[in-house]
Amino acid sequence: MSRFNLYLLLITTVIAILSSTSKSIRFELESGNTKCIAEDIKSNSMTVGKYSIVNPHDGKPLPDSHKLTVRVTSSYGNNYHHSELVESGQFAFTASEAGDYMACFWAADHKPAVTLNIDFDWKTGVAAKDWTNVAKKGSVDVMELELKKMYDTVISVQEEMNYLREREEEMQDLNMSTNVKMAWLSFLSIVVCLSVAGLQVWHLKTFFQKKKLI
């Protein structure tokens, strides 16, 4: 194997290891039911998704019972994609807010019930970039294209690390705030318990003094 091929293999391997999220799954969904898939996406990241119902009978049109309603929303409830009663579709957007994004699939109700097989491909970050168009527009060779992929992947990984560091700091701040609140709650609970105990002692002492028992 030539040095060029070895170098190309090394670059491809690094990209495969460091590549951003690419989720491709096939799942079953019974008519009348809903299934949601979540993906944690950082702000300003590109994301693309494709979905389609697998045809149980090759070469024939899909039955009328095989329809999907799909909605993609952010953790803040903002809607990024919505399609009703479709056989396939796709979405693409740049995340304006960081957090968990939810893709929910609802199969149209049908009697008798049918089970749909759905292919879903969801990519974010570098994996969502159309490198074929980049190569066509820039007229770059294979080596240059792979180097550009590697560069963008490294930048993406660095941004992902910064994002995870920010999330870690947020969680630490939340834990510290929770611990402080719990400490104050424990202190107030002790104060209340001691106050109640003191009132009970005072009440009993007053009662016994009135009865001239002490």
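This is a predicted model: local features need pLDDT of at least 70, side-chain atom pairs count only at pLDDT 80 or more; totals for chains, interfaces and linings use all residues.
Tyr-51 and Phe-105 are both buried.

**Aromatic rings**

- The structure contains 11 aromatic pairs.
- Phe-91 and Phe-93 give a stacked pair, with centres 6.1 Å apart and 25° between the planes.
- With a relative accessible area of 5%, Phe-91 is buried.
- Phe-93 is also buried, at 9% relative accessibility.
- One aromatic cluster takes in Phe-27, Tyr-51, Tyr-80, Phe-91, Phe-93, Tyr-101, Phe-105, Phe-120 and Trp-122.
- Phe-27, a member of that cluster, has Lys-35 over its face, 5.7 Å from the ring centre.

**Cysteines**

- The model has one disulfide, formed by Cys-36 and Cys-104, whose sulfur atoms are 2.0 Å apart.
- This bond connects distant parts of the chain, with Cys-36 in strand S2 (residues 34-41) and Cys-104 in strand S7 (residues 99-107), 68 residues apart.
- Why is the disulfide of Cys-36 and Cys-104 right-handed? The torsion about its S-S bond is about 110°, so it has that hand.
- Cys-36 is partly exposed, because its relative accessible area of 39% falls between the limits of 20% and 50%.
- Cys-193 is exposed, because its relative accessible area of 53% is over 50%.

**Backbone worth a look**

- The peptide bond leading from Lys-111 to Pro-112 is cis, and its omega is near -5°.
- Pro-112 belongs to the loop between S7 and strand S8 (115-124).
- Asn-44 has a positive phi of about 70°, although it is not a glycine.
- You can find Asn-44 in the loop between S2 and strand S3 (46-53), where it counts as exposed at 63% relative accessibility.
- Leu-85 also has a positive phi without being a glycine, with a value near 50°.
- Where is Leu-85 placed? Leu-85 lies in strand S5 (residues 79-86).

Conventions. Residues are numbered from 1 along each chain as its sequence is written. Side-chain values use heavy atoms; hydrogens and water are left out. A disulfide is a pair of cysteine sulfur atoms within 2.5 Å. Helices (H or I, at least four residues) and strands (E, at least two) are DSSP runs, numbered from the N terminus. Buried means under 20% relative accessible area, exposed over 50%, partly exposed in between (1.4 Å probe, protein chains only). Rings of Phe, Tyr and Trp (its six-membered ring) pair if their centres lie within 6.5 Å; planes under 30 degrees apart count as stacked, over 60 as edge-to-face and the rest as tilted. A charge sits over a ring if NZ of Lys or CZ of Arg is within 6 Å of the ring centre and within 35 degrees of the ring normal.
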